[in-house]
Amino acid sequence: MRSFSILLVIASLSACNSKSEESKPPAVAAALTFEGAASSDPRAILRHGDRLTHVLGCRGCHTPTMEGQWFNDDSPELGRLYASNLTRVIPTLSDDQLEALLRTGKHPLRGDMWIMPSEVLQRLSAPDMAALIAFLRTVPASGKPTPPPAFTAAGKAAIAKGDFKPVADYVADYRQKQPVDLGVEHALGRYIAGATCAECHGPDLTGVPDFIPGVSTPDLDIAGTYSNAELAELLTSGTGKTRADLGLMTLVGKGHFGFLTPTERAAVIAYVKARADRPQ
């Protein structure tokens with residue numbers, strides 16, 4: 001089971017002065033980035049990192065102030081799982097540790113983490129990841145540290161059965177499946193979709209049955225039933241084609257994709273439309 005908008009760290013993180021080979025982030029190509037990552041202006045890079053916290057959903061899970069919150073209130077039977085207070089956590093980690101955590105879904109000390117989208121964060125290019133980390137380091141400390149995860153007997157049973165999986169399992173799944181490559185013309189759209197849309201629509205964008213209880217996400221071939229203008233509206237205001245409120249997609253369309261630049265949004269639309277039109 002996965003909850004919506006799982007973004008940075010579920011449990012309180014702690015410092016670690018050594019990094020094992022296992023925790024090193026996988027190599028990631030730096031050729032493609034969100035718009036703004038290539039700036040030589042440090043202030044522009046921080047603004048870019050700030051924007052990515054919206055696009056990638058960090059503020060949705062960890063709250064607008066990054067102080068964290070109880071996250072699994074929709075499934076309390078599992079226990080108490082918190083999106084961490086990042087303002088207290090990040091200063092305790094080196095850049096290498098934080099990047100490894102984000103890309104692998106492994107805590108530098110305790111190992112497994114839960115309900116966090118490292119499966120898509122692993123796809124960020126080096127410049128985008130650097131900008132994100134740089135901005136997160138500027139957020140002033142506030143609030144109280146959040147508790148570590150505390151599973152109930154039911155939560156431990158769900159883990160044992162494989163019904164509730166650690167983040168690293170999703171990372172491995174997503175590494176094996178990638179969105180279809182439609183060539184250089186659509187490379188930027190593929191990159192952005194793979195780092196954003198794939199969180200809900202699956203590693204190769206073919207949809208996820210029962211993504212959250214009672215809600216399945218469709219194959220993004222559904223984009224073929226939309227006009228470019230309808231997709232632009234969905235990815236700006238969250239307004240759907242068949243009805244205004246599409247639930248989860250409306251939240252993501254407005255709260256995440258609403259922070260894409262026009263160039264990025266156009267690239268995503270062109271990619272998903274071309275994907276829908278590809279020979280089957």
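Guide: What follows starts at the pocket and then moves on to the pieces around it.

Keep in mind that this is a predicted model, so local features need pLDDT of at least 70 and side-chain atom pairs count only at pLDDT 80 or more, while totals for chains, interfaces and linings use all residues. Residues are numbered from 1 along each chain as its sequence is written, and side-chain values use heavy atoms, with hydrogens and water left out.

Now the pocket. On a 1 Å grid over the protein atoms alone, a pocket is an open set of points with protein on both sides within 12 Å along at least five of seven lines, unlike a cavity, where a 1.4 Å probe fits but cannot get out; a lining residue has an atom within 4 Å of a point.

The lining has 36 residues, and His-201, Pro-218, Leu-220, Leu-234 and Met-249 are the ones nearest the centre. Sorted by class, there are 27 nonpolar, seven polar and two charged residues. Here Ala, Val, Leu, Ile, Met, Phe, Trp, Tyr, Cys and Pro count as nonpolar, Asp, Glu, Lys and Arg as charged, and the others, Gly among them, as polar.

Which elements supply at least two lining residues each? They are helix H5 (118-121), helix H10 (198-201), strand S8 (215-217), helix H11 (228-237), helix H12 (248-255) and helix H13 (262-277). Helices (H or I, at least four residues) and strands (E, at least two) are DSSP runs, numbered from the N terminus.

Look at H11 and H12 together. Their axes are 4 Å apart and they pack at about 80°, which makes the two helices roughly perpendicular. Axes are lines fitted to C-alpha atoms, for helices over the stretch in contact, with angles from 0 to 180 degrees between N-to-C directions; under 35 degrees is roughly parallel, over 145 roughly antiparallel, 65 to 115 roughly perpendicular, and the rest oblique. On the H11 side, Leu-234, Leu-235, Thr-236 and Ser-237 make the contact, and on the H12 side Met-249, Gly-253 and Lys-254 do; contact means heavy atoms within 4.5 Å. That set splits into three nonpolar, three polar and one charged residue. Leu-234 and Met-249 also turned up among the residues nearest the pocket centre.

H12 has Leu-248, Thr-250, Val-252 and Gly-253 as its buried residues. Buried means under 20% relative accessible area, exposed over 50%, and partly exposed in between (1.4 Å probe, protein chains only). Their cover includes strand S7 (208-212) and H11.

H13 has a partner too: its axis and that of helix H9 (residues 187-195) come within 7 Å and cross at roughly 95°, so H9 and H13 are roughly perpendicular. H9 brings Leu-188, Gly-189, Arg-190, Ile-192 and Ala-193 to meet Glu-264, Ala-267, Val-268 and Tyr-271 of H13. By class, that contact has six nonpolar, one polar and two charged residues.

Last stop, the loop between strand S5 (111-112) and H5, where Ile-115 sits. Ile-115 isn't a glycine, yet its phi is positive, about 55°. With 5% relative accessibility, Ile-115 counts as buried.
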